[in-house]
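Hello,

Here is the structure you are taking over. My notes on it follow below.

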Amino acid sequence: MRDSFGDKVFYSVNYILLAVGALTCVFPLIHILAMSLSDSHAVLSGMVTLVPVGWTLESYKLLINGTNIIQAFLNSVTITVLGVIFSMAFTILAAYPLSRKYFIGRSFFTLLLVFTMLFQGGIIPTFLVLKYFDVINTFSAVWILNLVSVFNMLVMRTYFQNIPEEVQESARIDGCNEWKLLIRIILPLSMPVLAALALFYGVGYWNAFMQVLIYINDTSKYNLPVLVQQMIQSQSLMQEMMHATPEDASQMQMTPESVRSAGIIFMVIPMLIVYPFVQKYFVKGVMLGSVKG
Amino acid sequence: MKFNRIAGNESAPAIQKDVIARSRKLRRKRLLRQNLPLFIMFAPVLIYFLLFKYGPILGLVIAFKQYSLAGGVFGSPWVGMANFEMLFNTPQMLNIIRNTLMLSVLQVVVGFPLPILLAILLNEVRKSWFKKSVQTLVYLPHFFSWVVIAGIVIAMLSMESGIINVWVQKLTGDVYPFLYEPVAWVAVLLASGVWKTTGFSAIIYLAALSAINPSLYESASMDGANKFRQIWHVTLPGISGTIILMLILSMGQIMEVGFDQVFMLQNSVVAGVSEVISTYVYKIGLLGAQYSVTTALGFFESLVGLVLVLTANWIARRFNRGLW
């Protein structure tokens, strides 16, 4: 079928809009990358757009030697890796019993968990509870706060429920108990949903900010987001003061913009490396989540 | 006896009753045996939720108390509704509640239609390499933390070297304080949210769009419908169910503007519009140790949120689209 003139106009406008939209999603990143690789003077005089001016790795050297960033990076990795393991274990332990039709109290327990999605104690009471359990200043606080996402649990439960009954029956006849059934049959059949949810938990832990800000005071335990945020904050504090009294500006010592850009890149790079490999999983994960129930 | 009803016969032989009773007992025993491992599995989860999710809910009692470190949650004296009265009599608190509502309503108004538009536009792309590349790029910002996004925003809009202000200066001769003018700040906040979430939120609509029967488009175009008419009469009705569902879900989040985004973009110059409940609770409640009043504020926020979800779901049920 030939396109009418109107359709042709529509398609061209559509392609242009989408191309512009897609590019706005990467240009800021490329800009930050270019700034991190540029000479400080070029950055401050606003000469850098998408290509580094005066190539240098100086800002990365400054970042690694002058700040705690390596420690923060390792902390982020620890929080993320162990956090994903804990979260997945607990999510499976919640989702499997709740997916069994013969589980006594199934709908009551589901409601009990779902209610916490709708109503929570809030920051202060949560803080007091965690303080009572003496987990302040440890990574455990971050893990406890994110241990089970009820939404993820519901997605997993729905997936478990949709595994054909016959497979499970035959496993039982072959002598599988609940644990064997879960580990040998259900989990291997659920790899797509497990991958997607592990990914979502991983992103959450990697980006964890508020939990670390509130519950961890020891600077050697900061993760990347908190460290980088403090570098950025020092810049915006600067600007705020300049806004009030411009003449003080030159007297302030501040981290060069290129170093802060390097900090941001530090946080983004691992994500960008993993991103192409996991893309198919997260799309699947969202689709599974969209299935009602 | 109870099982007579099942047997359906008053004069059934005693032996039959006995068999039925025994089989029921056996079944119950098997059910219990089957449930035991499930309970063992579920116990840690249950303990976790009771301690760390329901514990804080119980802790909300301090909203009705004068919390003191010495007394703790249970030992502190009751003050009734005094904390709530204080909330609604302090102009600053009312301002914070207003900001929270304003920003989140704006976020829904601005952020809700865009993923639908993006999904519709993507759906009309016929070159699959183009579609795939666009999708890969627009999903990306969802995976960045607000630290990254705030860092980018501040770097680009900063007054002395931000690239946008360099251009603004070339055009107008002067820099513009994007982050220090209330209206501009709100625009920046909304735009950063759109940048982060639009692509990823479109996935769900794309899934809904893929379920529309292609022959509908063919017959529409046979009938002389141009692209816009096809979108209006085929595409939109095809995904209206998903749109309504997503709208309900977003209604539930009306009271949440999110801590990270606002906290990282705000500054004292625009505090008049940028202070929201969560950031205020953090600063005054946690750092300033004013536990009782800020708990009352958080309680109020949670309650309004709960009422909004229940209302939205109640409305949705009347259209048979409720979540429960």
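How much area do chain B and chain A bury between them, and what part of it is on carbon and sulfur atoms? This is a predicted model, and in it the two chains bury about 9000 Å² between them, with 77% of that on carbon and sulfur atoms. On the side of chain B, the residues that lose the most area to chain A are B:Met41, B:Phe42 and B:Phe143, which together make up 8% of what that side buries.

Counted by residues, the contact involves 95 from chain B and 94 from chain A. For polar contacts, it finds 14 residue pairs, with both residues at pLDDT 80 or more. Helix 2 of chain B (residues 14-59) supplies the largest share of the side that touches chain A, namely 23 residues.

The other topic is the nonpolar core. The largest one has 192 residues, and those touching the most other members are A:Leu113, A:Met153, A:Phe282, B:Trp185 and B:Tyr205. Its largest share, 14 residues, comes from helix 10 of chain B (residues 182-209). In chain A, domain 1 (23-55) and domain 2 (68-242 + 254-285) each contribute at least three residues to this core.

One residue from that list can be followed further. Leaving aside residues up to four places away in sequence, A:Met153 touches A:Thr91, A:Ala94, A:Ala95, A:Leu98, A:Leu113 and A:Val148. Among these, A:Leu113 is also one of the residues that touch the most other core members.

Regards

Conventions: Residues are numbered from 1 along each chain as its sequence is written. Chains are lettered from A and ligands numbered from 1 in the order in which they are written. This is a predicted model: local features need pLDDT of at least 70, side-chain atom pairs count only at pLDDT 80 or more; totals for chains, interfaces and linings use all residues. Side-chain values use heavy atoms; hydrogens and water are left out. A nonpolar core is a set of buried Ala, Val, Leu, Ile, Met, Phe, Trp, Tyr and Cys residues joined through side-chain atoms within 4.5 Å. Buried means under 20% relative accessible area, exposed over 50%, partly exposed in between (1.4 Å probe, protein chains only). Helices (H or I, at least four residues) and strands (E, at least two) are DSSP runs, numbered from the N terminus. Domain bounds come from an automatic or database domain assignment. Contact means heavy atoms within 4.5 Å. Buried area is the accessible area (1.4 Å probe) that two parts lose on being put together, summed over both. A polar contact is a pair of N or O atoms within 3.5 Å; within protein, one must be able to donate a hydrogen and the other to accept it, and residues adjacent in sequence count only if both atoms are side-chain atoms.
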